[in-house]
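Here are a few notes to read with the model open beside you.

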Amino acid sequence: MFDVYRNDKRELLVLSNGSAIPVVCSQNNWRKKRRRVLKVSDEIKAAVERQGYYVRSLRVTQADDLGRQLRSSPRHPIAPARSRSR
């Protein structure tokens, strides 16, 4: 099982159950989520086993936002359709 914490900077900290917050991450105000997590991805599990914790930012970056906009927008209405004429 894993304990999940979140801070004001929208960062996520995953620790194995009952572990103390590492010194590297102790500067931030971490709040523990009420639910315990039973399963995590293989990437997170490997990081927790290797270094004792996993930290990730939950912020939406500009590149993520642009990709999300492109995926959700319909085709541009002015763009000509390709014809299959020979």
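1. Start with the side chain of Asn 7: one of its polar atoms lies 3.1 Å from the backbone nitrogen of Lys 9. Asn 7 sits in the loop between strand 1 (2-6) and strand 2 (11-16); strands are DSSP E runs of at least two residues and helices H or I runs of at least four, numbered from the N terminus. With 1% relative accessibility, Asn 7 is buried (buried is under 20% relative accessible area, exposed over 50%, partly exposed in between, with a 1.4 Å probe and protein chains only).

2. A word on the source: this is a predicted model, where local features need pLDDT of at least 70 and side-chain atom pairs pLDDT 80 or more, while totals for chains, interfaces and linings use all residues. Residues are numbered from 1 along each chain as its sequence is written, and side-chain values use heavy atoms, without hydrogens or water.

3. How many salt bridges does the whole structure hold? A search finds 2 (a side-chain nitrogen of Lys or Arg within 4 Å of a carboxyl oxygen of Asp or Glu).

4. Asp 8 pairs with Arg 31, their closest N and O atoms being 3.1 Å apart. This pair links distant parts of the chain, 23 residues apart. Asp 8 is exposed at 59%, and Arg 31 is partly exposed at 48%.

5. Asp 3 forms a salt bridge with Lys 32, with 3.9 Å between the closest N and O atoms. Here strand 1 is linked to strand 3 (residues 31-32). Asp 3 is buried at 2%, whereas Lys 32 is partly exposed at 48%.

Key. Polar contact = N/O pair within 3.5 Å; in protein donor to acceptor, adjacent residues only side chain to side chain.
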